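Work through the exercises below with the model open. Each task is followed by a stepwise solution.

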Amino acid sequence: MSTFWSTFYRRISVDNPSPLLKQMPTTIGFGVAVALALTISSIVVAQPVSLAGGSTVIVLATGLAFYFTKDGRETRWDLAVPILSLLGIALLRHATGGTTSLFSGLIILPVVWIAAEDGRRWIIVSVAGTSAALMLSHVLDWRLPQNEGEWLRGLFTPFVFGIAAAVINELSRQARVRAETNAALAQELEGLLEDARANEVRLKSQDRLMRSIWDAVTEQSVIGTDVTGLIDVWNPGAAVMLGSTEHETQYKRYITDFHLDEELENRARELDYPAGATVLNPGFSALVEAARLGRAEIREWTLVRHDGSQVSASIAVTPRLGDDGSTTGYLFVGTDVTQALEVSRLKDEFVGLISHELRTPLSSILGYLELMRDDEESPLSVEQLQYLGVAERNAHRLLRLVGDLLFTAQVTSGKFPLDLGPANLGEILGASIDTARPGAEAGEVELVLELPEQPLVIRADSLRVGQACDNLISNAIKFTPRGGTVTVSLSSTADDALVTVRDTGLGIPAAELDQLYARFFRASTATRNAVPGVGLGLTITKAIVTAHEGELDVESEEGVGTAFIMSLPR
Amino acid sequence: MTTVVIADDDPDIRMLVAIAVKRAGLELLHSAADGIEAWTALSEHRPDLAVLDVSMPGHSGLDLCRKLRADAAFGSTTIVLLTAGVDQQSHEAGTVAGADYFLSKPFSPKELGDRLAQIAGARA
C-alpha cells in the first residue's frame, strides 16, 4: 500500500504527469459513485438536479484536463480542473444526502492534486477547497448546521484533510528536492563524461602524433633502458642502425650488448672507478656517467650491429625521470657518424696526398733551377738569369698557393694548431713590409709603416700573424694602381691591438663585402682589373684572426680605397 | 770521410740530394729508390749518415728509422728525414721514430749541402 502511495505522490509531484492523468482518479471515482447511487436502492438520490449538475461539472473538468493535456503548455490554470472537481463532488455529496453522504471521501482525490503543488500556500487552498465543498450542501439547502455534530464535521473533516494535504505537500516537496538533486548530479556526471570523452580524443590524437614522430625517426636510434641498462624502448631508427628489431631487444637485451667491451672498459678506466664492489657494472656506469650526474653528454661510441659489423655513432645520453624526480632509466639518442668520419678521413688523406704530390715536383723544379743559376763552371748570361728568375718566382708562387690550400683544408677540418707565444707586432709588421717591398716597388706603390713609440707585444702565433699581415699588405698592393699608397699602421685600445692596412686602390663594391671571406671569392673589381689571385688570402687571414679570437673588419669605397682592420686581443 | 746512404722514390729529388751530398764533401755509398732497397743498402754499408724520404714504397722513412734504432749495429748512424709534409704532426712522428734531424721539402740544394756538411761536422 505504501508503495502505491509513494508511486502516486511521485507521479503527481515529480514526474509531472499530464492533467488528464491527474484527473483520472477523480473522474473514475466520481463515475463509480454515480453508478452506485443510481443502482443501489438504499442510496437515496434526494437532489437529482445536483447529481446532474455535479456530473456535468466533472465532465467539464475532465474535458478541461483533456484540453490542458492536449495544449501541453506549462500553466497554473490547470488547477481549475481539481477546483471544478471539488465543486462537482460537493454537488454529488449534496445530491446523495449532504452531510450524511457516502461519497464525502471522494474530496480527497482533487485535494491530493492541489496539495502536491509546489509551495505551502496550496495546503491552505486545499483546506479552503475542502471546507467549501463540505459547506456547499448547507449553502444550497439554505440552512445552518443543526447540531454540534454537523458543526464539528464541517470543521473537523477539513482539519483532517488539511493535515493530509500538509503531509502530501511535504512529501511532494521532498520528492521534488530529491529529484532536483538527482537531476543536478546527473548533469554533473554528464559533464564529467563529456570531459573524459574530450580528454580521450585529445590523448588519442597526441598518441597518434607521437607514434608518427616515433616512426619518422629512422635516421637516428632512440633507445631507452631502465637503470640497469635493460632495453625497454627501441625505435625504428635503432632497428635500421643496429639490425635488430624491437621484438628482439625489448626487455631481452642490455644496451651494453651493442657496445664494444674494450671501449666501455677504457671509458671506465678513464673515469677512474675504484676497483671492485662499488660499481656493479663498470661498462654501463661509464656509458651513463654524465647522465647519472644530471648532465647531458654527447660522445662518440662504436656500436656493434646484429651481424657483428661496427658503426660509429655520436650518442647523446640523458636520464629518464620518474614522477618524484628520481632517475628511472636512460635514453640514448644516436646518430650514425661512420660516413662523416670516413669523409673526414678521406679529406685528411687527400690533403696529405696533395701535400706530397704537389710539393715534390715543385721541390725538383726549384732545386734544379737553383743548381742552374749557381753553376760556377758555366755561368749564365744576364738575360738567361732574368728568365730563370721569372721561372723561380712563379714556382715559388705555386708553392705558396699549395701551402695556402693546405692551410685552408686544415682550417676547415679544424686542425689548426696555434703556437702561442709573445709576438712583437711592430717587428712582425716590419718583416711583412720588407717582404712586400719588392712587389710594391715593381707596382710603383708607396709603402708607409706607422708604428707607435712603445713596442706592442701580445700573446699570439707570430708566424701565423705574420702570414695574415703578409696577406693583407700584398692584397693592398695588388689592388692599388700605380702612384697609390698603402699605409700600414699599428695602434691599440685598452683591450685590443689594431693593425690597419689602408690602400688608395680599387675598392670593393658594398654588395660584395659580406662575401669577402668566402673561399675562392674574388671581388668584381679584382676580376675586372685582372688582378691576379685565387681568392684564398682573405679566407686564411680571417681564419688566423678568428683563431686568435680577434676580429677582421673592412671599410671600403669603390674607387677611393679599402682599409682592413685586424684587431687581436692584447 | 763521412759515408752516406740516401733514399727517395722520386728520381729527380734523389739526384738533387746526391748533388747536395757531393757538394757537402761527403761520400755517397748508395742512392736507393725505395724503402726495401734502402734497407738492403743500409744493412750492407752501415753508413755514418742516412738521408731518407719519409714517404716511400716498401718501407717508409719512419719505418726505416725505427728499424735502424732497434738495431744496435746502427748505433752510430745519424738519421736525417726529408718530408714534403708541413704539419707539426709529421715532425713529431719523425722525432718519436728516432730521427736526429728533420728537413722539409722543398729545399735549396745549396742549403741542404751546407746543412749536411754541418751535421757531418757535428758527428766528428
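**Exercise 1: the chain contact**

Solution. Helices are DSSP runs of H or I with at least four residues, strands runs of E with at least two, numbered from the N terminus.

The model is predicted: local features need pLDDT of at least 70, side-chain atom pairs need 80 or more, and totals for chains, interfaces and linings use all residues. Residues are numbered from 1 along each chain as its sequence is written, while chains are lettered from A and ligands numbered from 1 in the order written.

**Exercise 2: a helix pair**

Task: state how α2(B) and α3(B) are oriented to each other.

Solution. Take α2 (residues 35–45) and α3 (residues 61–70) of chain B: their angle is about 25 degrees and their axes are 10 Å apart. Axes are lines fitted to C-alpha atoms, for helices over the stretch in contact, with angles from 0 to 180 degrees between N-to-C directions. α2(B) and α3(B) are therefore roughly parallel (under 35 degrees). The contact residues include B:Trp39 of α2(B) and B:Leu68 of α3(B).

**Exercise 3: a sheet**

Task: give the strand order of the open sheet in chain A.

Solution. The order is β7-β9-β10-β12-β11 (chain A), with mixed pairing; strands pair if DSSP finds at least two bridges between them. β7 (446–450) and β11 (551–557) of chain A are the edge strands.

Methods
Angles under 35 degrees count as roughly parallel, over 145 as roughly antiparallel, 65 to 115 as roughly perpendicular and the rest as oblique. Two residues are in contact if their C-beta atoms, placed from the backbone, lie within 7 Å.
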